[in-house]
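I opened the model to look up a few places in it. My notes follow the order in which I looked.

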Amino acid sequence: MPSSFEDAASPHLKGLPPYRHGRPFEEGGRGPVSEEWVKLDYNENPLGPSPLAVKAIQGLLHGVNRYPDCQGHDLKERLAEWLGLTPAHVALGNGSSELIDLCARCFLGPGTEAIVGDPAFAFYGRVVQATGSQRVSVPLKAFRHDLQAMAERITPRTRMVFIGNPNNPTGSCVPPYEIAAFIEALPAGVIVLFDEAYREYLPDELQPDTVRYVKEGRSVIALRSFSKIYGLSGLRIGYAIAPPDCIVLLDKARQPFNVNALASAAALAALDDVAHIVSSKRLNEAGKQYLYQAFEELGLRCVPTAANFILVDVERDGEQTVQALAEKGVAVCSLVRYGLRTSLRVTIGASRENERFIAALREVLTTH
Ligand SMILES: *Cc1c(COP(=O)(O)O)cnc(C)c1O
């Protein structure tokens with residue numbers, strides 16, 4: 001009999017580090033997130049949730065003694081209609097993070113390999129490791145996914161290729177024609193997982209036709225989220241689109257009531273709030289131009305972004321800079337865990353937030 005929980009644990013879990021929340025205001029004991037904090041660390045929508053979504057859930061609060069619809073019928077119907085697919089092409093998740101995990105659990109395990117960009121969303125590597133699959137890291141090229149190099153790393157053991165597009169933490173995207181060529185040349189038995197959490201921020205001409213790949217029955221899964229432009233991070237809801245035989249598997253692997261009633265209702269309302277999406281995109285574009293110019297004035301290089309955050313090289317210790325900014329009430333994300341020691345990832349906020357961030361950064365750069 002194992003003498004400790006650690007000994008008894010699945011060997012794949014043993015090597016995993018605990019989650020690091022990376023929120024200096026919590027670690028520093030400065031209490032809960034307050035109004036004074038400029039929160040530019042989690043790529044949330046600075047405009048808040050859609051007012052229509054807020055209204056939709058207010059009307060449901062007294063019904064939360066009931067379980068939600070375990071099939072997610074209404075939202076799947078609505079998404080399918082909107083995308084030109086059928087509800088059998090759609091799976092819902094407790095955030096797209098749950099779907100990333102479900103995809104790994106359905107298709108990966110000991111003896112398989114999964115190809116992941118470096119740097120890319122840290123959670124990909126985690127879920128791969130948790131299944132006992134082998135992660136194959138492929139360095140980005142000029143901060144962009146190198147699809148050619150990824151294709152070259154495919155072996156008979158490869159089951160999945162993770163492509164964040166736009167990619168977190170670089171904000172870069174790969175053009176649709178490169179994706180088309182990659183899909184065309186894909187060997188049988190390899191699944192491409194597109195993480196499109198920031199898709200809505202892409203200009204139309206840079207949005208790959210993942211719906212078409214799914215419709216054609218390719219071995220493609222596209223994940224989308226209500227956490228970013230839709231402003232519903234706290235409710236936890238995302239969806240996968242994939243060929244129906246894949247959706248059946250994801251549906252078997254999930255828990256029955258993975259998506260709560262408030263999240264589904266808010267998502268339905270948010271999809272209809274086109275004005276909120278348009279303003280969110282516009283605010284992001286304005287903030288992006290402001291930050292580009294401010295970085296240039298400060299003599300800092302950044303990676304041009306296709307999302308709602310920017311990777312900027314502050315040319316000094318990133319972790320210390322994050323702490324120094326936190327002392328001034330500004331939260332941004334350190335990238336040491338990605339091996340980027342002198343860079344930060346900063347969410348594009350509302351104009352007042354961007355200004356406060358730049359003012360704080362200017363002070364930090366001149367005094368540290
Ligand atoms: C924010 C984010 C997600 C979305 O996560 P949710 O679970 O839907 O909140 C997924 N992938 C990446 C790369 C992200 O940055």
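**Entry 1: Asn-258.** I looked up Asn-258 and found it buried, with a relative accessible area of 7%. Buried means under 20% relative accessible area, exposed over 50%, and partly exposed in between, with a 1.4 Å probe and protein chains only. Asn-258 sits in the loop between helix H11 (244–253) and helix H12 (261–272). Helices (H or I, at least four residues) and strands (E, at least two) are DSSP runs, numbered from the N terminus. I then listed what Asn-258 touches, not counting residues up to four places away in sequence: Leu-92, Gly-93, Asn-94 and Glu-98. Contact means heavy atoms within 4.5 Å.

**Entry 2: basis of the values.** I note that this is a predicted model, in which local features need pLDDT of at least 70 and side-chain atom pairs count only at pLDDT 80 or more, while totals for chains, interfaces and linings use all residues. Residues are numbered from 1 along each chain as its sequence is written, and side-chain values use heavy atoms, with hydrogens and water left out.

**Entry 3: the ligand.** Which residues come nearest to the ligand? Of the 13 residues around the ligand, they are Ser-97, Asp-195, Tyr-198, Ser-227 and Lys-228. A residue is near a molecule or strand if one of its heavy atoms lies within 4 Å of it. Helix H6 (residues 95–107) gives the largest share of the shell around the ligand, 3 residues.

I went through the polar contacts next. A polar contact is a pair of N or O atoms within 3.5 Å; within protein, one must be able to donate a hydrogen and the other to accept it, and residues adjacent in sequence count only if both atoms are side-chain atoms. For Ser-97, an N or O atom of the side chain is 2.5 Å from an oxygen atom of the ligand. For Tyr-198, a polar side-chain atom lies 2.6 Å from a ligand oxygen atom. For Ser-225, a side-chain N or O atom is 2.7 Å from an oxygen atom of the ligand. The ligand has 390 Å² of accessible area on its own, and the protein covers 93% of it. These areas come from the Shrake-Rupley method with a 1.4 Å probe; for residues, only the protein chains shown count as cover.

**Entry 4: strand S3.** I checked how strand S3 (residues 113–118) is joined to strand S4 (residues 134–139): the two run parallel, with 6 bridges. Two strands pair if DSSP finds at least two bridges between them. Val-116 stands opposite Ser-137 in S4, and Ala-114 stands opposite Arg-135 in S4. S3 is also joined to strand S5 (residues 158–164), in parallel and by 4 bridges. There, Glu-113 has Thr-158 of S5 opposite.

Why is S3 largely enclosed by the rest of the structure? It is so because 5 of the 6 residues of S3 are buried.

S3, helix H7 (residues 122–131) and S4 form a β-α-β unit that is right-handed. A crossover is right-handed if, with the strands pointing away from the viewer, the path from the first strand over the helix to the second runs clockwise.

**Entry 5: the antiparallel sheet.** I traced an open sheet of 4 strands in the order S9-S10-S13-S12, with antiparallel pairing. Strand S9 (301–302) and strand S12 (333–334) are its edge strands, each pairing on one side only. S12 pairs with strand S13 (residues 343–347) in the antiparallel sense over 2 bridges. Cys-333 has Arg-345 in S13 as its bridge partner.

Thr-347 is found in strand S13. Is Thr-347 buried or exposed? Thr-347 is buried, with a relative accessible area of 1%. Leaving aside neighbours within four places in sequence, its contacts include Leu-40, Tyr-42, Asn-308 and Phe-309. The side chains of Thr-347 and Asn-43 are joined by a polar contact of 2.8 Å.

**Entry 6: helix H14.** In helix H14 (residues 318–327), I found Gly-318, Thr-321, Val-322, Ala-324, Leu-325 and Ala-326 buried. At the start of H14, a side-chain oxygen of Asp-317 comes to within 3.2 Å of the backbone nitrogen of Glu-319. Gly-329, which follows H14, has a positive phi, near 80°.

**Entry 7: Leu-283.** I looked up Leu-283 in helix H13 (residues 274–297). Leu-283 is partly exposed, with a relative accessible area of 25%. Not counting residues up to four places away in sequence, Leu-283 touches Pro-46, Leu-47, Gly-349 and Ala-350.
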